[in-house]
Amino acid sequence: MMALDNYLKYRSLMKGRSVEKFDLVIIGGGIFGCAIAYYYTKNNPEKQVVLLERNELNNAATSRAAALMTMVRSKRAYIPLTIETFKVAKDMEVELGETLDFKEVGMMHVAASEAKVRDLAKLMEIAKEYNQEAYYLTKEEAQNKTPWLKVDEALKIGFVPNEAYCDPYMLGTFFARCAKNRGAKIRLGVEVIGLIHDGGTVKGVKTSEAVIMAETVVDAAGVWAPLLAKEMGVGLPMAPVRSQYWITERADIFPANSPMVLLPDAQAYARPEGGGLLFGIREGKSLVASPKDVPRDISDFVFSADEGMEDLFENGERLARFFPAIYDMGIKYYVAGFSGYTPDSQLVLGDVPGTKGFLVASGCCGAGISVAGGVGLGIAEMASGRPNPLDFSAFEISRFGDIDPFSEEWLNKCASSRSNKVSG
Ligand SMILES: Cc1cc2nc3c(=O)[nH]c(=O)nc-3n(C[C@H](O)[C@H](O)[C@H](O)COP(=O)(O)OP(=O)(O)OC[C@H]3O[C@@H](n4cnc5c(N)ncnc54)[C@H](O)[C@@H]3O)c2cc1C
């Protein structure tokens, strides 16, 4: 912790390195940090922003995402944010004269129990409310679109044709490139090691290289965000919880243009990838870690000693009801990473309670790629001192009261929210 009157002492420790001044400092170069830099530079051409990333851009959760861009979902608060992502993706393609190559294959929702049929009916209403095309498919139509899917047990199958998946690294990088073209400073290999504050007002950051003073600081440090907020005495309501998926070997039953599939009765999802099938299944008890125990470089963390095989054996039966060929398929890749989960599966966004000049963009609940546009827009506008055009009331940091994000009780609470998740 560093008060303003202490920072001169820190300066001398920095051995004469200069103190810089920016309007905005963004901590973390994942998709959230990059998106915030994009909108801030676009809407404030006269202002100076620096994004600080201790590794490479998009090295952590972002590059590991399955990147389903689910737009129509039961959590209404996410929908306008995702609509914004689709919009900005098109804008950036024009701006850079390159394609992001979104795979607009659509999302199939397979309901195989009365409860899930009711949920699907509600989802179809939500699609209408947000002017998104959605309709039911016959079993035969569903089978033709997805040869790997066993539809016998399906009672209703819904389809949202305009949903897509993407390359998350490329999407994050597009945000950063556009921001850089408009003057954002992007510094890689620079770690923020503390906040500079005067009481509750954040005035800047100390980094591995220098002191940077700023009007506003945004903590977009992914699952590490609670470590910085703790300096201000605030417990961010989220925890690093593992997401994992597998990719099968190539086979003719996985055409590249087949839709993404959500199987809520199996708590599973799937989409085509490189001629094979990428799929994830919720495990009974999700692996959770304290933010203090997640290494700086995520590739140093061992997510599973057996590439998720035990989890696959334990939970695969649920998926086999819909994907019987799973038992004959070789698994080619295993991918795992941490996302910041919350007990109510809502994001953690906005002003940090009891502070000034300090915002957070985190707690992505495994949906950060799809909502990145809305997160970037809303936080950039708040950082500019303007009203947020999006409704972030469901994402307020204070909604759980005073919590300790490092306690075992809290970590388990967040992990069970992931275990109960039925969407992608
Ligand atoms: C296996 C998996 C599957 C997923 N599937 C989907 C999906 O299908 N759809 C979807 O929408 N989302 C999905 N997600 C979630 C998505 O990846 C995340 O929500 C999103 O990437 C979060 O972005 P972020 O910028 O908050 O975090 P990150 O990408 O983790 O970025 C945070 C950055 O902050 C940097 N940092 C941290 N501390 C400091 C510091 N002190 N100084 C400087 N830099 C610092 C880190 O190095 C890191 O680069 C998935 C995630 C995983 C792991």
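Predicted model: local features only at pLDDT ≥ 70, side-chain atom pairs only at ≥ 80, totals over all residues.
I began at the ligand, where one of its oxygen atoms is 3.2 Å from a polar backbone atom of Ala61, a polar contact being a pair of N or O atoms within 3.5 Å. Taken alone the ligand exposes 1000 Å², of which the protein buries 97%, with areas from the Shrake-Rupley method and a 1.4 Å probe.

Residues are numbered from 1 along each chain as its sequence is written, and side-chain values use heavy atoms, without hydrogens and water.

Next I listed the shell: 37 residues surround the ligand, the closest being Glu53, Asn59, Thr62, Leu68 and Cys364, where near means a heavy atom within 4 Å. Domain 1 (2-64 + 168-237 + 344-407) and domain 2 (105-163 + 240-341) both give residues to this shell, so the ligand lies between them; the bounds come from an automatic or database domain assignment.

I then turned to strand β15 (residues 268-273), where five of the six residues are buried, meaning under 20% relative accessible area; strands are DSSP runs (E) of at least two residues, numbered from the N terminus. β15 pairs with β16 (residues 276-281) in the antiparallel sense over six bridges, pairing requiring at least two DSSP bridges, and Arg271 has Leu278 in β16 as its bridge partner.

Technical notes. Buried < 20%, exposed > 50% of the residue type's maximum accessible area, 1.4 Å probe, protein only. Helix = DSSP H or I, 4+ residues; strand = E, 2+ residues; numbered from the N terminus. Polar contact = N/O pair within 3.5 Å; in protein donor to acceptor, adjacent residues only side chain to side chain.
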